[in-house]
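Biologist: I have the model open. Please walk me through it, one topic at a time.

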Amino acid sequence: MRTSTMFTKREEVTTRDDEGRESTTTERRSTSIESEERCIPFFVRDDTGRVLVLPDGATIDLIETVNRFVTTPQSPSWTSSINTLGWRQIERGLDVGTHVFVSGVAIDHDGKPAVASYTPYGKQPLLISRKSEQELVASAAFWARSMSFAAVASAVIRMALIVGSFLMGW
């Protein structure tokens, strides 16, 4: 699995008229010029053997492999308020040999078992993570506890505001 995105970075001089006062500012902006995603079936192996993973539609924990900015040679522009600074390329992927945890649906793919996010009956979640199953369970438990505490705190604050509004005579 690989994703590649390229952005142009530019500066644009803008002039605004606010109630008779003119102000000139330089704003930096970026625009996506190219985005590509490549999802290639791959095998995962453990002590019991190997199985094909069909990653289309999966949630994948990718590693940033490239993040570079290339400047563009500048020449004075007398006619345009836009100055292109360069372009940024960002790539994310999973390299061969990366240890992953895969959770999905077992299907029959051309007579052989595979793990995928789709079945004949609909789409099921497929997760491909660099974290182990234990790390994912611990993370989910942490977030579930945090959300429970936040819900209780929100209810207590809400009740305090309701009681306070009655005491204040609103």
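Charged pairs

Biologist: Which side chain meets that of Arg-92 in a salt bridge?

Modeller: That of Glu-64, at 3.8 Å from N to O. A salt bridge here is a side-chain nitrogen of Lys or Arg within 4 Å of a carboxyl oxygen of Asp or Glu.

Biologist: What am I looking at, and how is it numbered?

Modeller: This is a predicted model: local features need pLDDT of at least 70, side-chain atom pairs count only at pLDDT 80 or more, and totals for chains, interfaces and linings use all residues. Residues are numbered from 1 along each chain as its sequence is written, and side-chain values use heavy atoms, with hydrogens and water left out.

Biologist: Back to Arg-92 and Glu-64. Which strands are they in?

Modeller: Arg-92 sits in strand E7 (residues 82-93) and Glu-64 in strand E6 (residues 63-71), so this pair ties together parts 28 residues apart in sequence. Strands (E, at least two residues) and helices (H or I, at least four) are DSSP runs, numbered from the N terminus.

Biologist: Is Glu-64 buried, exposed or partly exposed?

Modeller: Partly exposed, at 43% relative accessibility. Arg-92 is partly exposed too, at 34%. The cut-offs: buried is under 20% relative accessible area, exposed is over 50%, partly exposed is in between (1.4 Å probe, protein chains only).

Biologist: How many salt bridges does the structure hold?

Modeller: Five. One of them joins the side chains of Arg-28 and Glu-11, at 3.1 Å from N to O. That pair links distant parts of the chain: Arg-28 is in strand E2 (residues 21-38) and Glu-11 in strand E1 (residues 2-18), 17 residues apart. Arg-28 counts as exposed, at 64% relative accessibility.

Biologist: And what is the N to O distance for Arg-29 and Glu-27?

Modeller: 2.4 Å, again a salt bridge between side chains. Arg-29 is partly exposed, at 34% relative accessibility.

Biologist: Switching to sheets. What is the strand order in the sheet with E1 and E2?

Modeller: E2-E1-E7-E6, an open sheet of four strands with antiparallel pairing. E2 and E6 are the edge strands, each pairing on one side only. The twist averages 20 degrees from one strand to the next. Two strands pair if DSSP finds at least two bridges between them. For angles, axes are lines fitted to C-alpha atoms (for helices over the stretch in contact), and values run from 0 to 180 degrees between N-to-C directions.

Biologist: How many bridges join E6 to E7?

Modeller: Eight, and the two strands run antiparallel. Val-66 stands opposite Glu-91 in E7.

Biologist: Is Thr-3 buried or exposed?

Modeller: Buried, at 16% relative accessibility. Thr-3 is in strand E1.

Biologist: In what sense do E3 and E4 pair?

Modeller: Antiparallel, over five bridges, with E3 at residues 42-46 and E4 at residues 49-53. They form a hairpin with two residues between them. Asp-46 stands opposite Gly-49 in E4. E4 pairs with strand E10 (residues 112-116) in the parallel sense, over two bridges. Val-53 stands opposite Val-115 there.

Biologist: What is phi of Asp-110?

Modeller: Near 55 degrees, a positive value in a residue other than glycine. Most residues other than glycine have a negative phi. Asp-110 is in the loop between E9 and E10 and counts as exposed, at 70% relative accessibility.

Biologist: Last topic, the helix. How far apart are the end C-alpha atoms of H1?

Modeller: 51 Å, which agrees with the 51 Å that its 35 residues should span at 1.5 Å a residue. The expected span is 1.5 Å times one less than the number of residues. H1 covers residues 133-167 and includes Trp-143. Just after H1, Gly-169 takes a positive phi of about 80 degrees.
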